[in-house]
Amino acid sequence: MSGIGPVEPGEDTHVRDTPPPRPRGRLALRYERHRRTVIASGAVLVVLAGGGYLYASRPQSRPAPPAPYPSQAVDLVYLAPAAGSPGATAGGYRFTVLLSVRSGPPVTVTRLAQPYDGLSVTSSPAVPFQTKSHSTRKIIVTLRVTECEKAPRNPGLPFLDVTLRNARAIEAHSFILGARYARDLSQALVVACSNDSR
């Protein structure tokens with residue numbers, strides 16, 4: 001035989017397969033017996049951990065913004081003296097306002113008032129009443145003169161105190177109804193109190 005190379009088995013010889021070495025120790029023996037179960041359990045744990053991480057790191061949707069405060073969602077506008085009420089009638093003044101709810105949940109008017117001691121206020125519809133979002137409601141307000149001495153003679157910027165309630169809050173708010181309302185109210189009070197003095 002000449003040359004260099006691996007030794008080849010001769011005729012009628014066989015290579016013996018030797019079994020792999022047996023693991024030593026109790027833990028190694030236990031792993032060897034349950035290797036498939038351990039590998040499957042590890043794979044399940046890796047999948048669960050990855051899924052948990054993806055779930056926890058997902059983009060969060062922002063919560064809906066809170067409803068606006070009722071005074072921020074409501075407009076109150078003076079329209080005109082009420083129909084059939086040219087000025088003062090029976091010591092009072094009836095006029096129409098328009099209540100508009102621009103956004104948010106429905107708004108309930110729980111109280112209508114005014115700042116003068118010599119006047120009382122009633123409304124139709126009577127308080128409390130509710131107005132839905134994105135809608136308007138006409139309100140007829142009647143001011144009655146209870147004492148001419150305490151009623152204003154020439155109110156500069158008269159206003160209505162309105163208590164509003166929605167799902168977020170209850171608020172008392174003063175609405176200034178403008179110069180036209182001040183002029184009409186002043187004329188009505190002059191007529192009502194001149195009738196009262198006769």
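A four-residue hairpin connects strand β8 to strand β9. In this predicted model, β8 (residues 159-165) and β9 (residues 170-176) are antiparallel partners over seven bridges. Elsewhere, strand β3 (residues 92-101) has eight of its ten residues buried, so β3 is largely enclosed by the rest of the structure. By the distance rule applied, three salt bridges are counted.

**Strand pairing**

- Strand β1 (residues 74-81) pairs with β3 in the antiparallel sense, and seven bridges are found between them.
- Ala80 is placed opposite Thr96 of β3.
- Strand β7 (residues 135-145) also pairs with β3 in the antiparallel sense, over ten bridges.
- Ser100 has Thr136 in β7 as its bridge partner.

**The loop between β3 and β4**

- Pro105 belongs to the loop that runs between β3 and β4 (107-113).
- Leaving aside residues up to four places away in sequence, Pro105 is in contact with Ala67, Pro68, Asn166 and Ala167.
- The C-alpha atoms of Pro105 and Asn166 are 6.4 Å apart, although the two residues are separated by 61 residues in sequence.

**Salt bridges**

- Side chains of opposite charge can pair when their charged atoms come close.
- Asp75 and Arg102 form a salt bridge in which the closest N and O atoms are 2.8 Å apart.
- Because Asp75 is in strand β1 and Arg102 is in the loop between β3 and β4, this pair ties together parts that are 27 residues apart in sequence.
- Both partners are partly exposed: Asp75 has a relative accessible area of 32%, and Arg102 has 38% relative accessibility.
- Lys150 and Glu147 meet through their side chains in a salt bridge with an N to O distance of 3.9 Å.
- Lys150 is partly exposed at a relative accessible area of 46%, and Glu147 is likewise partly exposed at 33% relative accessibility.
- A salt bridge also links the side chains of Asp184 and Arg183, at 3.9 Å from N to O.
- Asp184 is buried, with a relative accessible area of 13%, whereas Arg183 is partly exposed at 45% relative accessibility.

**Nonpolar surface patch**

- Tyr31, Val38 and Ile39 make up a nonpolar patch on the surface, and together they have about 280 Å² of accessible area.
- Val38 is located in helix α2 (residues 35-56).
- With 42% relative accessibility, Val38 is classed as partly exposed.

Terms used: Residues are numbered from 1 along each chain as its sequence is written. This is a predicted model: local features need pLDDT of at least 70, side-chain atom pairs count only at pLDDT 80 or more; totals for chains, interfaces and linings use all residues. Side-chain values use heavy atoms; hydrogens and water are left out. Buried means under 20% relative accessible area, exposed over 50%, partly exposed in between (1.4 Å probe, protein chains only). Helices (H or I, at least four residues) and strands (E, at least two) are DSSP runs, numbered from the N terminus. Two strands pair if DSSP finds at least two bridges between them. Patches are made of residues with over 30% relative accessible area and no salt bridge: like charges are joined within 9 Å, nonpolar side chains (Val, Leu, Ile, Met, Phe, Trp, Tyr) within 5 Å. Accessible areas come from the Shrake-Rupley method with a 1.4 Å probe; for residues, only the protein chains shown count as cover. A salt bridge is a side-chain nitrogen of Lys or Arg within 4 Å of a carboxyl oxygen of Asp or Glu. Contact means heavy atoms within 4.5 Å.
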